[in-house]
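Hi,

Here is the structure I promised to pass on.

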Amino acid sequence: MTVEVMPILRWPDPRLATPCTPVEDTKAVAELVERMFATMYDAPGRGLAAPQVGVTQRLFVMDAGWKTGPKTPVVCINPVAEPLGAVDEGVEACLSMPGVEVTVPRPSRVRLRYTDLTGEEQVVALEGAEARIAQHETDHLDGRMHFDNVAPETRAAILAAWETA
């Protein structure tokens, strides 16, 4: 059975700027999660937050290494990212703004607390690409885009270029 790929919203869709509500029932989102993974891998991305497919609930999927190794899919429901490391700058892209890369300062390590699809609470320490992806996707759940983490003049230039593209 083929899982249907979902359309990915593009900025400035207002759902991308809407803070998400908590997921109350993890079992109720199982089909959504399956479709989100299919969509993320098809895009091809390393992370996808529910608001990017029009669902304003606090969940994202990620797989930091699948492009260079085996798939290691992770489902994060109601995540909270706690910064642990020094701030590093890194280039980020976003499936909701294809072709736009932004250099974003973020903590290099985070402690991520979330519920998995079985309803179990998880706490993991992430670093490198995994930490950056988790923070990027958590931002989406708070109604933020990657360009919201840069200086106002940089943000304005990114948006002006996006609008004329």
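Below is what turned up, grouped by region.

Ground rules first: this is a predicted model, so local features need pLDDT of at least 70 and side-chain atom pairs count only at pLDDT 80 or more, while totals for chains, interfaces and linings use all residues. Residues are numbered from 1 along each chain as its sequence is written, and side-chain values use heavy atoms, with hydrogens and water left out.

**Aromatics**

There are three aromatic pairs in the structure. To pair, rings of Phe, Tyr and Trp (its six-membered ring) need centres within 6.5 Å; planes under 30 degrees apart are called stacked, over 60 edge-to-face, and the rest tilted. Phe 37 and Tyr 41 are a stacked pair, because their ring centres are 6.0 Å apart and their planes sit at 20°. Both belong to helix H1 (residues 30-42), four residues apart, which means about one helical turn separates them. Helices (H or I, at least four residues) and strands (E, at least two) are DSSP runs, numbered from the N terminus.

Tyr 41 also pairs with Trp 66: the centres are 4.9 Å apart and the planes at 85°, so this one is edge-to-face. Trp 66 is in the loop between strand E2 (59-62) and strand E3 (74-83), while Tyr 41 is in H1, so the pair ties together parts that are 25 residues apart in sequence. Phe 37, Tyr 41 and Trp 66 make up one aromatic cluster. Phe 37 and Tyr 41 are buried, and Trp 66 is buried too. Buried here is under 20% relative accessible area, exposed is over 50%, and partly exposed is in between (1.4 Å probe, protein chains only).

**The largest nonpolar core**

A nonpolar core is a set of buried Ala, Val, Leu, Ile, Met, Phe, Trp, Tyr and Cys residues joined through side-chain atoms within 4.5 Å. The largest one has 17 residues, and Val 33, Met 36, Phe 37, Met 40, Leu 59 and Val 61 touch the most other members. H1, E2 and E3 each put in at least two residues, with the largest share, six residues, coming from H1. Leaving out residues up to four places away in sequence, Val 61 touches a list that includes Val 33, Met 36, Phe 37, Met 40, Val 74 and Val 75. Contact means heavy atoms within 4.5 Å.

**Helix H3**

H3 (residues 152-164) has 13 residues and spans 18 Å from first C-alpha to last, close to the 18 Å expected; the expected span is 1.5 Å times one less than the number of residues. Which of its residues are buried? Ile 158, Leu 159 and Trp 162 are. They cover an arc of only 95° around the axis, so they lie on the same side of H3; the arc is that of the directions from the helix axis to the C-beta atoms. The buried residues pack against strand E5 (102-107), and the face turned away from them carries the exposed Glu 153 and Thr 164.

**Single residues**

- His 140, in helix H2 (residues 128-141), is buried at a relative accessible area of 1%. Beyond four places in sequence, its contacts include Thr 18, Cys 20, Cys 94 and Met 145.
- Gln 122, in strand E7 (residues 121-127), is partly exposed at 26% relative accessibility. Not counting residues up to four places away in sequence, Gln 122 touches Leu 112, Arg 113, Tyr 114 and Asp 116.

Most residues other than glycine have a negative phi, and most peptide bonds are trans. Two cis bonds to look at: Trp 11 to Pro 12, with omega about 15°, and Ala 43 to Pro 44, with omega about -10°. Pro 12 is in the segment before H1, and Pro 44 is in the loop between H1 and strand E1 (47-49). Asn 78, in strand E3, has a positive phi near 50° and is partly exposed at 24% relative accessibility.

Cheers
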